[in-house]
Amino acid sequence: MESVVAWLIITLIKILVILGIVLGVGAYLTLVERKVAAHIQRRPGPMVVGWHGLLQPLADGLKLLTKEDIFPRYGNKFLYNLALVMALVPAVLVFAVVPFGPEFELFGYKIKPILTDVNIGLLLVFALGSMAVFSIALAGWASNSKYALIGSMRKAGIVVSYEVVITFAVMGPIILAGTLSTYNIVQKQIEQNLWYIWLQPVAFVVYMFAMLAETGRVPFDIQEAEAELVTGFTVEYGGMKFGLFPLVEWYVEVLSLSAIAVVLFLGGWSPINIPFLGFVDPLFFLGPLSPFVWFILKVSLLFLFVLWLHWTLPRYRIDQITATAWKVMLPLTFVNLVLTAVIAPLIWR
C-alpha cells in the first residue's frame, strides 16, 4: 500500500511539474520569439513592461483575458469550443512520453524523469499529433466563415501530408534502436556510443522540415498568409481563445517535437558524441544535473533554429508545400528506410 501511495504522489508531482513547465515556458517563449525576431531585424523588441520586457507575456495574457469573447452568430458553439480542447490537450500529453533525463534515486525511491515509459511511446506521440487535424478542421468549420474554412482546409492538407512524412522519417531510428520506447531509444544510443543523427542525417533533415510544416512555421505558414486569409482558421476566435491556438501550435508543439527530435537523433540527455568512440561532457562539473542541462540545451537550440528560419525565409505556395511532401520528402524517407533496414543488421552484428 505504501508503494502505491508513493507511486501516486510521484506521478502527481511529475504531472504538475510538466504542466507548469510546459505552459509557463510556452507563455514566455512568446517573449523569446519577439526578442529573437527583433535582433534579426536590428531593433530592440519589447522593452517597456518590466526590465527588458520580462513582464511582457503577463501583460499580453492579461490583455487577452480582458478582451470581449465574441462568437460567430451562425457558428456551432460546441464544436467551436471543442476545437480548443482538441488542440491543447493532445499537444501537452505528448510530454508524457518525453524522457528528460536518466533514472535517479530520491529518498530511497528510484525515479524516472518521464511521466509514463510505455513500450509504444512513439506510437502514442504520433497518435496524439494526428489529433491536430481534427482541431483545425473543427475550428474552421464551426466558425461558419469562408476565410476560416479555407485556412483550415489548407492547414489540414499540410498536416496530413507531413504526418505521413514524419512517421516514415522516424522509422530509421526505431529500426536502429529496436524499440518504440522513447526512454529506451536514448539508452540504446548511449550503449552504442552513437547519436542516430550520424547514421540518419536524411531522416533528421526530413523530420525538421515536417516539424516546421506541422507547426505552421515559415516557410510552411500558408494557412496564416495574412494578405490572403487574415489569420487563417482562427479568424473568428477572440481574446484568450485566439491566443491559445498560436500558444499551442507555435510553442508547445514546437517544444514537444523538438524534444522528440532530441530523443530520436541527438541522444536525449547524453553529452557531446564522437561517433562510435564515446561521449565528451564539458559540463561534468554539474554532476547529476549535467544530463538534464544537456537535454534542455539541445531542445533550446532546436527551438532557436526554428525561430531563425521563421524570421529569415519567405513562405512557399500551398501547391509547393504539398508537392514537396509527396514528391520529395516521402520518396527520400522510403529510400532511407530501405537502406537502414539493410545496413543496420550489418553495423550491430
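Phe 71, Tyr 80, Phe 233, Tyr 237 and Phe 245 form one aromatic cluster, where rings of Phe, Tyr and Trp (for Trp the six-membered ring) are paired if their centres lie within 6.5 Å, and where planes under 30 degrees apart count as stacked, over 60 as edge-to-face and the rest as tilted. Please keep in mind that this is a predicted model, in which local features need pLDDT of at least 70 and side-chain atom pairs count only at pLDDT 80 or more, while totals for chains, interfaces and linings use all residues. Residues are numbered from 1 along each chain as its sequence is written, and side-chain values use heavy atoms, with hydrogens and water left out.

Another pair, Phe 305 with Trp 308, is tilted, with 5.8 Å between the centres and 55° between the planes. Both residues lie in helix H12, three residues apart, which is about one turn of the helix; helices here are DSSP runs of H or I with at least four residues, strands are runs of E with at least two, and both are numbered from the N terminus. Phe 305 is partly exposed at 33% relative accessibility, and Trp 308 is partly exposed at 48%.

Now to the core. The largest nonpolar core has 86 residues, among which Tyr 162 and Tyr 207 touch the most other members; such a core is a set of buried Ala, Val, Leu, Ile, Met, Phe, Trp, Tyr and Cys residues joined through side-chain atoms within 4.5 Å. Helix H11 gives the most to this core, with 15 residues. Leaving aside residues up to four places away in sequence, Tyr 207 touches several residues, including Ile 166, Val 170, Leu 257 and Phe 265, where contact means heavy atoms within 4.5 Å.

Definitions and conventions. Buried means under 20% relative accessible area, exposed over 50%, partly exposed in between (1.4 Å probe, protein chains only).
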